[in-house]
Amino acid sequence: MANQVTIKQSPELQGTFLASVFNEQGTPVPNVWQEFNLAKEMVWDPTKYGAKVTPFYIAKGIGPDPNNQFVAYEVLVKFNTATENAVVTLGIAQVTNPDGGAGCNYFTAHGEGVAVEVIKTGVPVAGTELPARCS
């Protein structure tokens with residue numbers, strides 16, 4: 001099927017990795033907050049959800065580290081009508097805490113057939129920037 005992106009987690013990750021999809025305005029898509037289990041792989045097909053075919057964001061992921069579940073930063077997927085059966089693989093890396101405490105997790109992303117970019121400003125999805133203790 002055309003115009004779909006399979007979103008999955010890196011095979012290096014153990015445990016359930018949950019993430020949500022937002023549109024360019026920072027609104028959860030299709031219309032309510034939701035989390036997708038990327039261990040099961042998620043297929044984002046905007047036409048199925050009645051959403052516009054625009055760039056979208058994956059943000060506010062949770063897991064798989066039970067001691068540090070918040071994953072900062074969002075991933076911009078530059079989705080367009082020419083995209084067919086693209087794949088975005090999400091992983092987690094960690095920034096160490098300069099004070100020696102627990103580090104901060106953040107997304108890594110690799111796109112096949114679609115351009116992806118990790119957005120580090122916390123915009124447009126508020127609250128996804130790394131905490132000050134990890135900057």
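## The salt bridge

A search of the whole structure turns up one salt bridge, meaning a side-chain nitrogen of Lys or Arg within 4 Å of a carboxyl oxygen of Asp or Glu. The partners are K78 and E117, and their closest N and O atoms are 3.2 Å apart. K78 sits in the loop between strand 7 (74-77) and strand 8 (86-95), while E117 belongs to strand 10, so the pair ties together parts that are 39 residues apart in sequence. Helices (H or I, at least four residues) and strands (E, at least two) are DSSP runs, numbered from the N terminus.

How exposed are K78 and E117? K78 has 37% relative accessibility and counts as partly exposed; E117, at 35%, also counts as partly exposed. For these labels, buried means under 20% relative accessible area, exposed over 50%, and partly exposed in between (1.4 Å probe, protein chains only).

## A word on the model

This is a predicted model, in which local features need pLDDT of at least 70 and side-chain atom pairs count only at pLDDT 80 or more, while totals for chains, interfaces and linings use all residues. Residues are numbered from 1 along each chain as its sequence is written, and side-chain values use heavy atoms, with hydrogens and water left out.

## Strand 7 and its partners

Strand 7 is covered on both faces: E74 and L76 on one side, and V75 and V77 on the other, are all buried. Strand 7 pairs with strand 5 (residues 56-62), running antiparallel over three bridges; two strands pair if DSSP finds at least two bridges between them. Here I58 has V75 as its bridge partner.

Strand 7 also pairs with strand 10, in the antiparallel sense and over four bridges. In this pairing, E74 stands opposite I119.

## Strand 8 and its partners

Let's move on to strand 8. Strand 1 (residues 5-9) runs parallel to strand 8, and five bridges join them. V5 stands opposite A86 of strand 8.

## The loop at G113

Where does G113 lie? Look in the loop between strand 9 (104-112) and strand 10 (116-119). With 66% relative accessibility, G113 counts as exposed.

Leaving aside neighbours within four places in sequence, G113 is in contact (heavy atoms within 4.5 Å) with T83 and A86. G113 and N85 are 28 residues apart in sequence, and 7.5 Å separates them in space, C-alpha to C-alpha.
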